[in-house]
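Please look through the sequence and the coordinates together before reading on. The paragraphs below then lead from the secondary-structure elements to their packing.

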Amino acid sequence: MALRGVWQLQKLVVNYCDWGGSSRGIRAFMEAQLPAFKEKNPHLEVVTELVRGQHPNLKGIYKNHNERVVCVRNLPPEEILLQATRLRNSLGRKVVKLRTRHVTKRPSVQGTWTTELKM
């Protein structure tokens, strides 16, 4: 995703194994769909790394120095393209869990409403 017109994904690293069965889909992705993905995203540096004996994964390195790793074990090439597109579209921020469903600057003095209140 672009933040103020600048894409946040800086580098996409594709780790795969050349003989493992779980890397079959990513090898097909690299032959068929990765060149087109590189052409559509000229701002993105795409690096392929051969890592023998490991399951394949995609690692996104963002401008804010965060990394996201997505395991693509036993996935077809179409799903791997979808995961690469999701990495490109995300901002790379850490996921923060909200404590309450209702977020406000001025919380109620009376407290939060629940269905268990007696009238």
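Helices (H or I, at least four residues) and strands (E, at least two) are taken as DSSP runs and numbered from the N terminus. The model is a predicted one, in which local features need pLDDT of at least 70 and side-chain atom pairs count only at pLDDT 80 or more, while totals for chains, interfaces and linings use all residues. Residues are numbered from 1 along each chain as its sequence is written, and side-chain values use heavy atoms, with hydrogens and water left out.

Lys40 is found in helix α2, which spans residues 34-40. With a relative accessibility of 70%, Lys40 counts as exposed, where exposed means over 50% relative accessible area, buried under 20% and partly exposed in between, for a 1.4 Å probe and protein chains only. From C-alpha to C-alpha, Lys40 lies 26 Å from Asp18, and the two are 22 residues apart in sequence.

The sheet comes next. Four strands form an open sheet in the order β4-β3-β5-β6, with mixed pairing; two strands are said to pair if DSSP finds at least two bridges between them. The edge strands, each pairing on one side only, are β4 (45-50) and β6 (67-71), and from one strand to the next the twist averages 20°. Strand β5, residues 57-62, pairs with β6 in the antiparallel sense over five bridges, and Gly60 stands opposite Arg68 in β6.

Two helices pack on this sheet. Helix α1 touches β3 (9-16), β4 and β5, and its direction makes about 125° with that of β3; helix α3 touches β3, β5 and β6, and its direction makes about 15° with that of β5. For these angles, axes are lines fitted to C-alpha atoms, for helices over the stretch in contact, and the values run from 0 to 180 degrees between N-to-C directions.

Within the sheet, β3 and β5 pair in the antiparallel sense over six bridges, and Lys11 stands opposite Ile61 in β5. In the hairpin of β5 and β6, which has four residues between the strands, His65 takes a positive phi near 70°.

How do the two helices meet each other? The axes of α1 (residues 24-32) and α3 (residues 77-89) come within 8 Å and cross at roughly 75°. Gly25, Ile26, Ala28 and Phe29 in α1 meet Pro77, Ile80 and Leu81 in α3, contact being defined as heavy atoms within 4.5 Å.

Gln8 lies in the loop between β2 (6-7) and β3. Gln8 is buried, with a relative accessible area of 11%. Neighbours within four places in sequence left aside, Gln8 is in contact with Met1, Leu3, Ile61, Tyr62, Lys63, Ser90 and Leu91.
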